[in-house]
Every structure is written in C-alpha cells, then in structure tokens.
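This briefing goes through one protein chain by topic. Please look over the sequence and the structure before reading the points below.

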Amino acid sequence: VTKAPRDANHAALEVGYGSHDTRRGVVDLGGPLGEGFGARLVGAYQATDGFRDFVGSERLFLAPSLAWRPSEALNLLYQLEYADVRFVHDRGVVAINGDGK
C-alpha cells in the first residue's frame, strides 16, 4: 500500500537479517516541501538464498508519492509503485512412478 505524505518531516530505517541468509532493508522518509506541497518515499529491498539449493530471490520496491493542497477543499495526490522481483521458479522434483530421484 502506497503511503501519502505527512505534514511533518519523518524518516525511518529498518534493517533485518533472517534464516537462509535473508537480508531486508526498508526506508520511509518524507515531509513538507513548501506551502501546500508534500512528498514521501518508501523503499524496500530483500534478498534471500531460499531454503532450497539454487533457488534464491531478490526484490526491490519503491513507492514515491507527491501531494498538493491548493485549498482546504482540494487535495491532489499522486502515487506510484515500482516492483522488480527476480527469482528462480521452482516447483520441486517431479516424482515419476513414485520415485523422486
């Protein structure tokens, strides 16, 4: 879900490491740009080796948003999402006649 700009400056960073050499980083920053304008950028990156040999994945997500409030009655919001997902499609080994070797 794309997040709308806030009325105050903010910044958050999250870094994580997990099983199967999973690395993840998330950044969320933004705030007012001037009279009636605001911006926000949310980004995330994750890479993992996966629990099976040779089946890792890599993901990049960016979600910028811009807001303009020319009056109390009108608020314009532009939101964009970009995702790049790279992985090896793996459905396992097919067992022919019950033999999965």
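**Pocket and strands**

β2, β3 (37-48), β4 (57-71) and β5 (74-79) each contribute at least two residues to the lining of the largest pocket. The model is predicted. The protein chain has six strands and zero helices, and its elements, read from the N terminus, follow the order β-β-β-β-β-β.

**Largest pocket**

- The space in the largest pocket comes to about 330 Å³.
- Its lining consists of 15 residues, and those nearest the centre of the pocket are D7, G36, A67, R69 and N75.
- Sorted by class, the lining holds six nonpolar, five charged and four polar residues.

**β1 with β2**

- Strand β1 (residues 10-18) and strand β2 (residues 22-34) run antiparallel and are joined by nine bridges.
- Within this pairing, V27 in β2 is the residue opposite L13.
- The two strands form a hairpin, with three residues between β1 and β2.

**The loop between β1 and β2**

- H20 belongs to the loop between β1 and β2, and D21 is in that loop as well.
- The phi of H20 is positive, at about 60 degrees, although H20 is not a glycine.
- D21, also a residue other than glycine, has a positive phi near 55 degrees.
- With a relative accessible area of 43%, H20 is partly exposed.
- D21 has a relative accessibility of 29% and therefore counts as partly exposed.

**β3 and its two partners**

- β2 and β3 pair over eleven bridges in the antiparallel sense.
- In β3, R40 stands opposite G30.
- How far is β3 enclosed by the rest of the structure? Nine of its twelve residues are buried, so β3 is largely enclosed.

**H10 in β1**

- H10 is part of strand β1.
- Is H10 buried or exposed? Its relative accessibility is 13%, and residues under 20% are classed as buried, so H10 counts as buried.
- The side chain of H10 makes a polar contact of 3.3 Å with the side chain of D28.
- A further polar contact, of 3.4 Å, links the side chain of H10 to that of R40.
- Residues up to four places away in sequence left out, H10 touches D28, L29, G30, G31 and R40.

**L60 in β4**

- Strand β4 includes L60.
- L60 has 32% relative accessibility and so counts as partly exposed.
- Apart from neighbours within four places in sequence, the contacts of L60 are A44, Y45, Y82, A83 and D84.
- What is the C-alpha to C-alpha distance between L60 and V85? The two residues are 6.5 Å apart in space, with a separation of 25 residues in sequence.

**The chain as a whole**

- The protein chain has 101 residues, and 22% of them are buried.
- Of the contacts between residues at least 6 apart in sequence, 42% join residues at least 24 apart.

Methods: Residues numbered from 1 in each chain as written. Predicted model: local features only at pLDDT ≥ 70, side-chain atom pairs only at ≥ 80, totals over all residues. Heavy atoms only, no water. Pairing = 2+ DSSP bridges. Helix = DSSP H or I, 4+ residues; strand = E, 2+ residues; numbered from the N terminus. 1 Å grid on protein atoms, 1.4 Å probe; cavity = no way out; pocket = protein on both sides within 12 Å on 5 of 7 lines; lining within 4 Å. Points joined across faces, edges and corners; volume = space filled by probe spheres on them. Nonpolar A, V, L, I, M, F, W, Y, C, P; charged D, E, K, R; others polar. Buried < 20%, exposed > 50% of the residue type's maximum accessible area, 1.4 Å probe, protein only. Polar contact = N/O pair within 3.5 Å; in protein donor to acceptor, adjacent residues only side chain to side chain. Contact = heavy atoms within 4.5 Å.
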